[in-house]
Amino acid sequence: MVLISSIFTGAKSLHDRFTLTSVEYPECSYYALMRFVSDSRYNWANLLKLLAKVACSIIVKLNNKDHIYTRCIDDTIIERARVKHIEGLSRTFDHVKGKCVKEFANLLICWSDGTDILPVVSALMSSRKEEHIIRDFDKKIDTRKAGAKRRADSKQRKPSMVYRYCKSIINFGIKAQYALMDTWFCSDKLTSDLQEIGLHSICMIKKNLKFSFVGETTRYNLNKILSALKKRQNLESDIISATEAQTPQVRL
C-alpha cells in the first residue's frame with residue numbers, strides 16, 4: 001500500500017515519501033521498502049504494463065472507434081555524479097552538457113491518444129562497453145529471475161530494445177498505429193522492423209542518411225531532398241510540401 005499511496009502524496013520518489021511532514025509516516029521502514037523494491041524476483045516491468053493496459057482500456061472507451069493512438073519513444077540521462085557502488089553505473093557522453101558523466105539512460109516508451117499519455121515501459125540502460133562501466137552487475141543473481149533479465153537487457157543496443165519492447169507491448173494488448181520518436185532513433189533497420197509489427201514511424205531524419213525518390217535509383221542526402229521539396233511548395237495547403245522517398249530497406 002505504501003507504493004500506491006505514495007502517488008497521491010505529492011512525493012517525487014520513495015525517498016521523498018519518508019521525508020514529507022505533511023502526510024502520515026508510512027507503516028514500514030525505509031530500508032524494508034528498499035529491500036522489497038530491489039528484490040530481483042519481482043517483475044516490475046510487467047506490473048507497469050498491466051496498469052497501463054487497464055488505464056488504456058478505460059481511455060479507449062471514451063474515444064471514437066477510428067481514433068488514432070501513438071507510441072512515444074525517448075530516452076533521457078539520469079545523472080548520478082556522487083555515486084560509486086550502484087550496479088550498472090557507467091560513463092557516457094552527455095550531449096546537453098558536452099561532457100562525460102556518471103549516469104543511466106532511461107529508455108521510456110509511452111502510449112498516447114493525443115490528450116493523455118501513459119508510461120508503458122521504463123528501462124535503465126547501461127553502457128555496452130566494459131571499459132565505461134564503473135561497477136558491473138552482481139554475478140550471483142539467478143539468471144532465471146526477472147531482475148537478471150533486466151540487467152542483461154540494459155547492455156543491449158537501444159534501437160533493438162525499442163523493437164523488442166514495442167513487440168511485447170502489442171502482444172500485451174496495448175495497440176497503437178504510430179511510433180513517435182526523435183532523430184537519434186531514426187534508422188532504416190528500426191523503421192523497417194516497426195513497420196513489420198504494424199507501427200508507422202514519425203521522426204526527424206538524420207542528415208547522414210541517403211534516399212532516392214520512388215521510381216529512381218539515384219540516392220540523395222537530406223539537403224538535396226529538402227531543396228526538391230522547396231520547389232514543390234503549396235502555401236495554400238495544410239501540407240506545404242510532400243514527396244515519397246525510399247532507402248534500400250524502407251519506403252518513406
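Analyst: Two strands are taken to pair if DSSP finds at least two bridges between them, and with that in mind, the model above is a predicted one.

User: Okay, how many helices and strands does the protein chain have?

Analyst: The protein chain has eight helices and eight strands. Of its 252 residues, 34% are buried.

User: And what share of the contacts with a separation of 6 or more comes from residues 24 or more positions apart?

Analyst: Among the contacts in the protein chain with a separation of 6 or more, 56% are between residues 24 or more positions apart.

User: Let's go to the strands. Which way do strand 2 and strand 3 run, parallel or antiparallel?

Analyst: Strand 2, which covers residues 90-94, runs antiparallel to strand 3, and five bridges join them. Within that pairing, Thr 92 has Val 101 of strand 3 as its bridge partner, while Asp 94 is partnered by Lys 99 of strand 3.

User: What is between those two strands in the hairpin?

Analyst: Four residues lie between strand 2 and strand 3 in their hairpin, where Gly 98 takes a positive phi near 75 degrees.

User: How many bridges does strand 3 have with strand 1?

Analyst: Strand 1 (residues 70-79) and strand 3 (residues 99-112) are paired over ten bridges, in the antiparallel sense.

User: Changing topic, where is Ile 73, and is it buried or exposed?

Analyst: Ile 73 lies in strand 1, and because its relative accessible area is 3%, against a cut-off of under 20%, Ile 73 counts as buried.

User: What does Ile 73 touch?

Analyst: If residues up to four places away in sequence are not counted, Ile 73 touches Leu 108, Ile 109, Val 162, Cys 166, Ala 179, Leu 180, Met 181, Asp 182 and Phe 185. As a separate distance, the C-alpha atoms of Ile 73 and Val 121, which are 48 residues apart along the chain, are separated by 9.5 Å.

User: Which residues have the most contacts inside the largest nonpolar core?

Analyst: That core has 30 residues, and those with the most contacts inside it are Ile 73, Trp 111, Cys 166, Leu 194 and Leu 199. The elements giving two or more residues to the core are helix 4 (44-62), strand 3, strand 4 (117-125), helix 6, strand 5 and helix 7. Helix 6 gives the most, with seven residues.

User: How do helix 6 and helix 7 cross?

Analyst: The axes of helix 6 (residues 158-172) and helix 7 (residues 188-196) come within 10 Å and cross at roughly 5 degrees. Angles under 35 degrees count as roughly parallel, and helix 6 and helix 7 are therefore roughly parallel to each other. Their contact is made by Pro 159, Val 162, Tyr 163 and Cys 166 of helix 6 and by Leu 190, Asp 193 and Leu 194 of helix 7. By class, this contact has six nonpolar residues, no polar ones and one charged residue.

User: One last thing, which residues of helix 5 are buried, and what covers them?

Analyst: In helix 5 (residues 146-153), the buried residues are Ala 146, Gly 147, Ala 148, Arg 151 and Asp 153, and what covers the buried residues of this helix includes strand 4 and helix 6.

Methods. Residues are numbered from 1 along each chain as its sequence is written. This is a predicted model: local features need pLDDT of at least 70, side-chain atom pairs count only at pLDDT 80 or more; totals for chains, interfaces and linings use all residues. Side-chain values use heavy atoms; hydrogens and water are left out. Axes are lines fitted to C-alpha atoms, for helices over the stretch in contact, and angles run from 0 to 180 degrees between N-to-C directions. Angles under 35 degrees count as roughly parallel, over 145 as roughly antiparallel, 65 to 115 as roughly perpendicular and the rest as oblique. Contact means heavy atoms within 4.5 Å. Ala, Val, Leu, Ile, Met, Phe, Trp, Tyr, Cys and Pro count as nonpolar, Asp, Glu, Lys and Arg as charged, and the others, Gly among them, as polar. A nonpolar core is a set of buried Ala, Val, Leu, Ile, Met, Phe, Trp, Tyr and Cys residues joined through side-chain atoms within 4.5 Å. Buried means under 20% relative accessible area, exposed over 50%, partly exposed in between (1.4 Å probe, protein chains only).
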